Amino acid sequence: MQFMETPSRGPSRPKAEENGSLLKRADFIGVDEDAELYPHRTYYFRQAFEADKVIDVCSKELVADPTNVQAAFLRGSMYYKNKQYEEAMQDLTNLLNMDPYHVEGRYTRAMTLSNTNKHEDAIADLSKVIKYDPEHVNGIFARAACYNALGMFTESIEDYNNALALDEAQKHT
């Protein structure tokens with residue numbers, strides 16, 4: 001894997017032209033400060049391709065194997081990224097029917113629900129995310145935002161405080 005030097009920031013992420021592969025947090029240790037500061041977060045960086053291409057590839061994978069959890073997750077995530085919320089909901093719900101404990105799939109579905117103003121349903125999904133992964137800082141922050149949108153300020157403040165404390169603790173682990 002090759003890293004480019006930038007004058008102001010030092011090494012940058014791997015060249016986008018390399019292979020368009022899915023890179024994980026470990027690929028960025030020593031390169032991306034956040035990857036080191038937040039070791040419990042999942043870092044996936046998609047390089048040099050468009051969401052539509054990923055959707056096409058995942059669609060072919062799902063035709064060949066409708067139980068392919070990774071393809072369902074990636075396609076649902078790309079639909080979410082493209083703001084195609086109806087398609088994202090369908091894929092992510094199918095994913096969760098196959099694997100109800102898929103934390104990132106449930107988190108992405110919750111974000112889809114939140115973006116379509118279905119905050120109560122998003123809170124239900126985010127509560128499961130937090131139950132399955134109590135250190136999922138983004139899930140706690142997102143649930144706080146949903147509580148806030150519903151005017152549930154006590155719960156919102158509690159989640160924001162918990163997320164900030166957890167985020168600070170993760171910086172030092």
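Mentor: A residue counts as partly exposed when its relative accessible area lies between the buried limit, under 20%, and the exposed limit, over 50%. Keep in mind that this model is predicted.

Trainee: Is Tyr-80 buried, exposed or partly exposed?

Mentor: Tyr-80 has a relative accessible area of 23%, so it is partly exposed.

Trainee: How is a pair of aromatic rings described?

Mentor: A pair of aromatic rings is described by two values, the distance of the centres and the angle of the planes. A search of the whole structure finds three such pairs. In one of them, Tyr-80 and Tyr-85, the ring centres are 5.9 Å apart and the planes stand at 50°, so this pair is tilted.

Trainee: How are the rings of Tyr-101 and Tyr-132 arranged?

Mentor: Their centres are 4.9 Å apart and their planes are at 65°; planes over 60 degrees apart count as edge-to-face, so the pair of Tyr-101 and Tyr-132 is edge-to-face. This pair links distant parts of the chain, 31 residues apart: Tyr-101 is in the loop between helix 4 and helix 5, and Tyr-132 is in helix 6. Tyr-101 is exposed at 57% relative accessibility, while Tyr-132 is partly exposed at 29%.

Trainee: How many residues of helix 5 are buried?

Mentor: Eleven of its 13 residues are buried, so helix 5 is largely enclosed by the rest of the structure. Among them are Val-103, Tyr-107 and Leu-113.

Trainee: What covers the buried residues of helix 5?

Mentor: The cover includes helix 3, helix 4, helix 6 and helix 7. Helix 5 itself reaches 18 Å from its first C-alpha to its last, close to the expected 18 Å. Just after helix 5, Asn-117 takes a positive phi of about 60°.

Terms used:
Residues are numbered from 1 along each chain as its sequence is written. This is a predicted model: local features need pLDDT of at least 70, side-chain atom pairs count only at pLDDT 80 or more; totals for chains, interfaces and linings use all residues. Side-chain values use heavy atoms; hydrogens and water are left out. Rings of Phe, Tyr and Trp (its six-membered ring) pair if their centres lie within 6.5 Å; planes under 30 degrees apart count as stacked, over 60 as edge-to-face and the rest as tilted. Buried means under 20% relative accessible area, exposed over 50%, partly exposed in between (1.4 Å probe, protein chains only). Helices (H or I, at least four residues) and strands (E, at least two) are DSSP runs, numbered from the N terminus. The expected span of a helix is 1.5 Å times one less than its number of residues. Contact means heavy atoms within 4.5 Å.
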